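Subject: Structure for you to look over

Hello,

Here is the structure I said I would pass on. My notes on it follow below.

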Amino acid sequence: MSSPELTAPSRKAADNPLPDILRKIATSGAAILTTLFGLLLLTFIIGRMIPADPVLAILGDNYDQAAYDRVYSELGLDRSVPEQFFSYLQSIARFDFGQSNVTRNSVAADLARVFPATLELAILAIVIGTVLGVPLGIASAVKRGTWIDHLGRIVALLGYSAPIFWLGTMVMLIFYARLGWIPGGGRIDLYNDGLVVGPTGMLILDALLAGEWEVFWSAVHHIAAPALLLGYAAMAYLSRMSRSFMLEQLNQEYILTARAKGLGERPIIWKHAFRNIRVQLLTVITLAFCGLLDGAVLIETVFGWPGLGQYLTAALFYADMNAILGAVLLIGLISILINLLTDVVYRFVDPRTR
């Protein structure tokens with residue numbers, strides 16, 4: 001039976017996916033606002049349930065009652081929780097995220113300072129994880145049962161199961177304390193600090209744009225260990241998923257038919273099987289990248305990396321609610337935008353998803 005012919009409007013929509021994409025973006029905008037509101041509400045409630053006193057975190061142990069009452073009132077803690085939450089929402093509507101109790105700076109300024117460091121680390125890690133993990137997973141699937149498959153599975157299993165803070169500690173112990181091959185912490189050597197203040201906040205890129213090669217190599221030297229470690233964790237995840245996706249395709253009937261017709265193994269893998277797992281790979285790479293953004297807390301702590309994770313850790317330690325809410329909101333917003341962008345890319349990569 002022949003397929004029904006497309007009507008003129010249907011053909012027009014199929015030829016021009018832009019209106020559908022814009023409609024999807026508009027729909028997603030409402031979902032973004034709803035999700036961020038729920039995220040803020042949940043974080044705010046949990047923050048108020050934490051058995052920590054932000055006033056004591058500011059004043060320390062040596063304080064008098066008058067000082068305590070004054071700071072308590074300045075933080076707005078003398079109001080009810082709903083009043084505090086709606087007051088915070090009003091501030092956000094004015095792009096005012098409040099002041100950090102730890103740094104005494106505005107939270108927006110702090111986030112603008114620390115987020116590029118985490119973004120730089122996450123981008124480099126996801127590039128390492130993708131470049132190594134996807135080919136390794138595909139090779140494991142194609143060479144199933146061989147030493148390549150066994151080696152790939154062992155490497156992936158170690159990276160997937162070993163606690164990343166333990167791996168980071170071992171790397172610091174061996175390559176910093178014993179061998180002295182990597183720096184102790186931070187993003188750059190002290191004598192190069194402040195030489196490049198670029199537009200992006202990502203030192204490697206800013207040093208390249210400024211032509212400051214000494215700063216560039218110092219930044220590369222400092223980021224190498226944490227990026228490789230995070231990249232290894234991402235590689236393990238992507239390798240396992242790539243192997244699973246490719247094995248599923250290689251067992252499909254159309255692959256068996258292609259082999260029966262004498263088609264070569266290389267075009268079978270890359271022109272047919274790989275083409276059908278592109279969207280799935282894009283999904284897992286997106287998830288891995290979002291996981292790197294909000295999961296680099298331990299690595300940043302181990303390597304003294306002055307990024308969002310370290311900032312959030314200090315905020316949690318001192319019950320700094322403005323900083324916690326600002327960081328959570330930023331992570332949530334970035335994750336949602338990345339998923340939205342990925343959804344748009346799907347429609348160009350695979351027309352069946354339009």
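The largest pocket is lined by 24 residues, and those nearest its centre are Arg-48, Glu-74, Leu-75, Gly-76 and Asn-322. A pocket here is an open set of points on a 1 Å grid over the protein atoms alone, with protein on both sides within 12 Å along at least five of seven lines; lining residues have an atom within 4 Å of a point. Its space comes to about 480 Å³, a volume being the space filled by probe spheres set on the points, which are joined across faces, edges and corners.

The model is predicted: local features need pLDDT of at least 70 and side-chain atom pairs pLDDT 80 or more, while totals for chains, interfaces and linings use all residues. Residues are numbered from 1 along each chain as its sequence is written, and side-chain values use heavy atoms, leaving out hydrogens and water.

Helix H5 gives the most to the pocket lining, with 4 residues. Helices are DSSP runs (H or I, at least four residues) numbered from the N terminus. Gln-84, Phe-85, Tyr-88, Ser-91 and Ile-92 are buried in H5 (under 20% relative accessible area with a 1.4 Å probe, protein chains only; exposed is over 50% and partly exposed in between). These buried residues fall within an arc of 120° seen down the axis, so they line one face of H5; the arc is that of the directions from the helix axis to the C-beta atoms. On the face turned away are the exposed residues Gln-90 and Ala-93.

The largest nonpolar core has 79 residues, of which Leu-230, Met-246, Phe-303 and Leu-308 touch the most other members. Such a core is a set of buried Ala, Val, Leu, Ile, Met, Phe, Trp, Tyr and Cys residues joined through side-chain atoms within 4.5 Å. Helix H10 (residues 213–250) gives the most to this core, with 14 residues.

Phe-303 also lines the largest cavity, as do His-222 and Trp-305, among others. That cavity has a volume of about 40 Å³; a cavity is a set of points where a 1.4 Å probe fits but cannot get out.

Regards

Notes: Helix = DSSP H or I, 4+ residues; strand = E, 2+ residues; numbered from the N terminus.
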